[in-house]
Structure formats: C-alpha cells, structure tokens
Amino acid sequence: MTDDEELLGQIRAAFAALDPVPALVRDAALAAFATRRPWAVLAELSADSAGGTPAGTGVRGRHGPRLLVFTGPGSTVEIEVTGDDAEREIAGRLAPPAPADLVVRHPHGEVTAHADRAGHFVVPRVPAGPVSLVFVLPDASSIVTSWIRV
Amino acid sequence: MSGPGELVLRARRDDADAWAALVERYTGMLWSIARSYDLNAADSGDVIQTAWLRLVERLHLLRKPDSVGAWLAATAHRECRRTLHRGRRERPGLIDRGAAPPYIDYDLEKLLAALPERCRTILRVFAQAPPLTYAEVAAALEIPVGTVGPTRRRCLTRLRAQLAGDVGDVGEGAGDDMGGGDPW
C-alpha cells in the first residue's frame, strides 16, 4: 500500500465518522431495483416549469402550478402539479388520447386512477417526493414516465 | 470483482446482487456530490434516491454501461441543481437528521471538518472504496479528466502539509489552493 492509499484510507474513515451515508439512503437505492419495468415505453422529462431540464424551461414561471412534459416515442404526457406541503394533486393529459389505467408509483406504494377517452386524468393525494406514472393502454402496452420529485 | 459495465449487464437480466454491487460502489460518491451542494440530509437522500430510480428506468437503454458511474454522477448534479432552484424543502423527506457531526476525536477529522467545501468534496471523492475511475471522478467533481491526476496530487500534498502543521490556518490555506476558484 502506498502512502497515498494509506492517507486516503484514513480520510475515508474520518468521513465515515463525520458524515456517514445513512442506512436509509442505501436501503432506498436497493429498493429502487424493484421498480424496474423494461417492457414499458419510457417517456422522458422534456420540460419542467420548475427548471433544470436540458430542453429549456419556462413552461410557466416559478409561481403557480408546476407544469411538466414527458416525451416518449409516439406519446406525450403533460402534467400539472399542485398541492400543499405533504400531498400533491397531479392532473394531466396523455397524447395521443386514449383511455388507460394509471398507476402513480412512489417509494412507499402507489396511487391508482384512470385516464378517460380524451386521455385526461386527475390523481389526488399523491405523497410529496419521487413519483413515476405508469399508463396501461387498452392493447396492454404500457408507458412509464421518468421519475421526478414532486 | 466485476466491473461496472458487467454489473449493469447482469442487472438487466434481473440480477439483484449485481444491483446491490452497483449501490455499494456508487452510494458514497453520490452522497459526496449531494453534500457538496450543502443540501440537508433529507434533500440529499431524495436526490440520491431519484438518481437510482432514474438508473433503474433506463438500465436497458444505457448505451455505455461502463460509464454508469459517470452517468449517476451527472444525474445527481442535475437533480441537486434542480433542488436548489426550487428552494429549500417544505417537508420531511427520506431522512431528517441534523447536519452537526456527532463528535470529533482526532486531528484528521478536525482538519477535514474545517476545510472549505470544495476541498472536502475532492478528498472525499478520491477516498471512495473501491476507488473511482478517473472518468468517474471527473464526472463527480465536474472537472476535465486530464486534471484529475494533478488535482489528486495537489490535494494530498496540501493535506499532508496541514497535518504536519507546516501551513497556517487550515481554512484559508486550503481555500487558496483547493477552494472554489479555478486553480485546476
């Protein structure tokens, strides 16, 4: 072992004492694997009025409801997020319009809803934090949105 | 030990052990990144969880499985910036824990705690086990790959000098050379 490696080992031990990675963080990362749905079509975040997306922002200002757009091959999902500190309401539209079963996934479970023929949906009482929407279409194919924090 | 690219390929085939190995390998790096934004423990936990969830959703789409560490680092940086942009959290998150270190019992800890944020992050990223590749370090620190080696040398040299008491005040001395400026 070189001197550098020895010093780095001491640094590692010191950080482990000063600011350890909480066990919950590791557990959440392990649990994330169970959300895997490789057969679903991924709609990726393409715009977010809260900012920080590569495709530019400015769907609307920082005040008022947060608007997000997810774009996948052949489909688009637009949502509006409102709500208080603990719970959100997610309303939106699937395009092209189709009736669909909708599951809003979050780290502690899921909330189910339906999109109507026009592709419109409203999902109340979604816990604040990471969420992903899964649409199951009449032909049994599914679309998932990228995980976002609401 | 399997390389990250192989772990990704195994995880694509539903191998939970491979996923656990990826988590083991990169959680420390992600924690270092989140903490470098001065996010509290709750926001840091949420940012990291989101980065892992994003990796799960596109595991089968990653074009360069070997670069999964750099991809995670870039995703975490982006999510941290988004969190800062949206402002401080409004709710308890995954975890909520005071930022104060429990206690400090020897010189190195004291020294690290007193270092400027940038310097502390650099050392922490280099101290990951197993060691991160230069490409991963570059992504974690958002510096060019070519500057990783010199950065590592400079930081360790400076830290040694401080441990030996050769340099004056830790905070100021480190700030000149390893701080948030552009000495890279």
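Domain bounds here come from an automatic or database domain assignment. By that assignment, chain B is divided into domain 1 (1-100) and domain 2 (104-184). This is a predicted model, in which local features need pLDDT of at least 70, side-chain atom pairs count only at pLDDT 80 or more, and totals for chains, interfaces and linings use all residues. Residues are numbered from 1 along each chain as its sequence is written, while chains are lettered from A and ligands numbered from 1 in the order in which they are written.

Start with the fold of chain B. Its secondary structure comes to nine helices and zero strands. Helices (H or I, at least four residues) and strands (E, at least two) are DSSP runs, numbered from the N terminus. Along the sequence the pattern reads α-α-α-α-α-α-α-α-α. Of the 184 residues of chain B, 43% count as buried. Buried means that 20 or more other C-beta atoms lie within 10 Å of the residue's own; exposed means 12 or fewer, and partly exposed is in between, with C-beta atoms placed from the backbone.

Contacts come next. Two residues are in contact if their C-beta atoms, placed from the backbone, lie within 7 Å. Take the chain B contacts between residues at least 6 apart in sequence: 68% of them join residues at least 24 apart.

A nonpolar core is a set of buried Ala, Val, Leu, Ile, Met, Phe, Trp, Tyr and Cys residues joined through C-beta atoms within 7 Å. The largest has 81 residues, and B:L30, B:A34, B:I48, B:L72, B:A76, B:L123 and B:A140 touch the most other members. Helix α2 (residues 16-36) of chain B provides the largest share of this core, ten residues. Leaving aside neighbours within four places in sequence, B:L30 is in contact with B:I48, B:A51, B:L72 and B:A76.

Turn to the contact between the chains. It takes 45 residues from chain B and 38 residues from chain A. On the chain B side, α2, α3 (41-57), α4, α5 (107-114) and α6 (117-126) give two or more residues each. The largest share, eleven residues, comes from α3(B). This side of chain B divides into 23 nonpolar, eight polar and 14 charged residues.

Chain A has domain 1 (1-36) and domain 2 (37-149). Their C-alpha centres lie 33 Å apart. Strands β2 (residues 66-72) and β3 (residues 75-83) of chain A pair in the antiparallel sense over seven bridges. Strands pair if DSSP finds at least two bridges between them. A:R66 has A:V81 in β3(A) as its bridge partner. The hairpin of β2(A) and β3(A) has two residues between the strands, and A:G74 takes a positive phi near 85° there. Strand β3(A) also pairs with β4 (residues 87-95) of chain A in the antiparallel sense, over eight bridges. In β4(A), A:L94 is the bridge partner of A:V77. This second hairpin, of β3(A) and β4(A), has three residues between the strands.

Technical notes: Nonpolar A, V, L, I, M, F, W, Y, C, P; charged D, E, K, R; others polar.
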